[in-house]
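Here is a friendly walk through one protein model, meant to be read with the structure open beside you.

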Amino acid sequence: MKRDKNRVDVSKLKDDDITGGYIIKIDKTTGGSAGTDFSFSSLYDGFGESNGSQKIKFLYEYPDAEDLSDQQKAYIQGYYHGFEQALKSSQFADETNGYQKYIDVPSFIDFFILNELSHNVDAFRISTFMHKDKGEKLKMGPIWDFNLAFGNADYCRGETTDDWAYKFNEYCPNDLSRVPFWWGRLLEDPAFVAALQARWTELRGNVLSQAKVQSKIATHSANLIYSNSVQRNFDTFDVLGSYLWPNFFVGDTYEEEVDYLDDWVLQRLQWMDTAIANL
């Protein structure tokens, strides 16, 4: 994930800049990224009680940790902690002093919708990017890492179409990667829910309508067949009809795989229609 006017369009952080731009991610920590110089911790453990190793870490993606001054690190850490404290407070829904003071709400809603639509088992807890531009609020995204989405995971309910992805830790409480408490708390705010419902209704009437979603899948599939990409892929990788971790469905033909995706997405859309309306 790179900072660029055609990628993540945040300001280039200079030595005398404090408020942005930053790209931060929630992800697995390895090596140096687990240390305080390369990441900082959430004030809260997310779902349930932590066993000590289940800590939510925010990793510096841009700039690199070694390129950040102590003052810049203190600012972005303080910004996240201020957001979390505001969201935890009894006045969290206050438009002036609550969580809205810190975040760009539409970006959080779109991020939620896209990861829930795909029931991405990695969503919210790893491969989760955020960015904050100079003088602006924190935004979610870009979205990233969907290889274990759209029913392509056979663990922690990854294959299901009828439950929330943000509740991952309820299904797998011992997993070391935690979903921040943010999403459940945001859904306690009637204003956030109303905005989410309105956005969902808007999308379902346009780019996420059944006709457009089916057309998108059919068009991509037809293009891959026409370009001979499907044949070349399976000639190179002889995996058709074979289980590869963590497949839930294993089709014997390419057409069966496409049909599974098509059916899965339509079931997911229909469930979300009801689930979002009933929030």
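Which residues of strand 1 are buried on one side, and which on the other? Tyr22, Ile24 and Ile26 are buried on one side, and Ile23 and Lys25 are buried on the other, which leaves both faces of strand 1 covered. Buried here stands for under 20% relative accessible area, exposed for over 50%, and partly exposed for anything in between, using a 1.4 Å probe and protein chains only. Since five of the five residues of strand 1 (residues 22–26) are buried, this strand is largely enclosed by the rest of the structure.

A word on the ground rules. This is a predicted model, in which local features need pLDDT of at least 70 and side-chain atom pairs count only at pLDDT 80 or more, while totals for chains, interfaces and linings use all residues. Residues are numbered from 1 along each chain as its sequence is written, and side-chain values use heavy atoms, leaving out hydrogens and water. Helices (H or I, at least four residues) and strands (E, at least two) are DSSP runs, numbered from the N terminus.

Two strands count as paired if DSSP finds at least two bridges between them.

| Strands | Sense | Bridges |
|---|---|---|
| strand 1 and strand 4 (residues 128–132) | antiparallel | five bridges |
| strand 1 and strand 3 (residues 57–62) | antiparallel | four bridges |
| strand 4 and strand 5 | antiparallel | three bridges |

Within these pairings, Ile24 stands opposite Tyr60 in strand 3, and Tyr22 stands opposite Lys132 in strand 4. Lys132 also stands opposite Leu138 in strand 5. The charged end of Lys132 sits over the ring of Tyr79, 5.0 Å from its centre. For this label, NZ of Lys or CZ of Arg must be within 6 Å of the ring centre and within 35 degrees of the ring normal. Arg125 likewise lies over the face of Phe168, at 3.8 Å from the ring centre.

**Helices and rings**

Ile113, Glu116 and Leu117 in helix 2 meet Trp264, Arg268, Leu269 and Met272 in helix 8, where contact means heavy atoms within 4.5 Å.

The structure holds 27 aromatic pairs. One of them, Phe150 and Trp264, is edge-to-face, at 6.1 Å centre to centre and 70° between the planes. Rings of Phe, Tyr and Trp (its six-membered ring) pair if their centres lie within 6.5 Å; planes under 30 degrees apart are stacked, over 60 edge-to-face, and the rest tilted. Phe150, in the loop between strand 5 and helix 3 (168–171), and Trp264, in helix 8 (residues 254–277), are 114 residues apart. Phe150 is partly exposed at 30% relative accessible area, whereas Trp264 is buried at 4%.
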